[in-house]
Amino acid sequence: MSLSIVIPILNASQTLPGTLAALSGVDGEILVVDGGSTDASANMARDRGARVIVAPRGRGPQLSAGAEQARGDWLLFLHADTLLEEGWRKAVTHFCKDPANRTKAATFRFALDDPSRQARRLERMVAWRVRRLGLPYGDQGLLIHRDLYRAVGGYRPLELMEDVDFARRIGRRRVVALPVTARTSAARWRREGWLRRSARNLLCLSLYFAGVPTKFIKRVYG
């Protein structure tokens, strides 16, 4: 298989080095898509062997641009504050080697870098959402064959909810959970409060399903 890992960034110098370190030695390319960083994150990516391109700001436009520039048959989309834990290479290789999985997408188990009970509760809620609704968010990573990516239309240049929009087009029955953890930063929850941040996320999802334009949902998201 040939693998391209696509990481959108915007002033990610605090978290990107750890994310890239977890990917060291990967047999494939790492493509970092910069949305206009003013810090050193783009140079950090180059220093660590990643290919850096520039795209319009926003995860949707950046992910779309990265997929267009990627050379691999398999695409792994990952956030710049998410660490793939031990065993991810084996799980990804195993998934990609099965021809039947060319019509499926895979995501990782969601976990937060926080020891609190609130974090464990949120992780259980996310696991339920993925299992029952087939809606992984971008901080869980997404692995998909290029042919399926194109067949469902790829990432749209949305200001927000690009991950939910894409997952809905893939379909619940085609989303597979890999037995490996993607551990993401809990900084936003710690800063804003666990209940407030979670309630705001749920409100944004509800507004999206109600058909509210993403430019308005972005104001709610903060």
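This is a predicted model: local features need pLDDT of at least 70, side-chain atom pairs count only at pLDDT 80 or more; totals for chains, interfaces and linings use all residues.
Q: How many cavities of 30 Å³ or more does a search of the whole structure find?
A: On a 1 Å grid over the protein atoms alone, a cavity is a set of points where a 1.4 Å probe fits but cannot get out; lining residues have an atom within 4 Å of a point. Here the search gives one cavity of 30 Å³ or more. The volume of the largest cavity is about 110 Å³, taken as the space filled by probe spheres set on the points. It has 14 lining residues, and those closest to its centre are Tyr 137, Gly 138, Leu 142, Tyr 155 and Asp 163.

Q: Which helix gives the most to that lining?
A: Helices are DSSP runs (H or I, at least four residues), as are strands (E, at least two). Helix α7, residues 162-170, leads with four lining residues.

Q: Are the residues of α7 mostly buried or exposed?
A: Buried means under 20% relative accessible area, exposed over 50%, partly exposed in between (1.4 Å probe, protein chains only). In α7, eight of the nine residues are buried, so this helix is largely enclosed by the rest of the structure. Among the buried ones are Asp 163, Val 164, Phe 166 and Ile 170. The buried residues of α7 pack against α3, β6, β7 (142-145), α6 (146-151), β8 and α9. Just after α7, Gly 171 has a positive phi of about 100°.

Q: What lies in contact with Phe 209?
A: Contact means heavy atoms within 4.5 Å. Phe 209 sits in helix α9, residues 194-209. Apart from neighbours within four places in sequence, Phe 209 touches Leu 135, Val 164 and Arg 168. Because its relative accessibility is 43%, Phe 209 counts as partly exposed. By contrast, Cys 204 is buried, at 1%.

Q: Which residues of the largest nonpolar core touch the most other members?
A: Nonpolar side chains tend to be buried together in soluble globular proteins. A nonpolar core is a set of buried Ala, Val, Leu, Ile, Met, Phe, Trp, Tyr and Cys residues joined through side-chain atoms within 4.5 Å. In this model the largest core has 31 residues, and Ile 5, Ile 7, Leu 23, Ile 30, Trp 88, Phe 108 and Leu 143 touch the most other members. Elements that each supply at least two residues include β1 (3-9), β2 (29-34) and α4 (88-97). The largest share, five residues, is from α4. Leaving aside neighbours within four places in sequence, Trp 88 has contacts that include Ile 5, Leu 23, Leu 76 and Phe 108. A second, separate core has 21 residues, including Leu 75 and Leu 142.

Q: How much space lies in the largest pocket?
A: A pocket is an open set of points with protein on both sides within 12 Å along at least five of seven lines. The largest pocket here has about 1,600 Å³ of space. Its lining has 50 residues, and the closest to its centre are Arg 59, His 79, Leu 160, Arg 188 and Tyr 221. Helix α9 gives the largest share of this lining, seven residues. By class, the pocket lining has 26 nonpolar, twelve polar and twelve charged residues.

Key:
Residues are numbered from 1 along each chain as its sequence is written. Side-chain values use heavy atoms; hydrogens and water are left out. Ala, Val, Leu, Ile, Met, Phe, Trp, Tyr, Cys and Pro count as nonpolar, Asp, Glu, Lys and Arg as charged, and the others, Gly among them, as polar.
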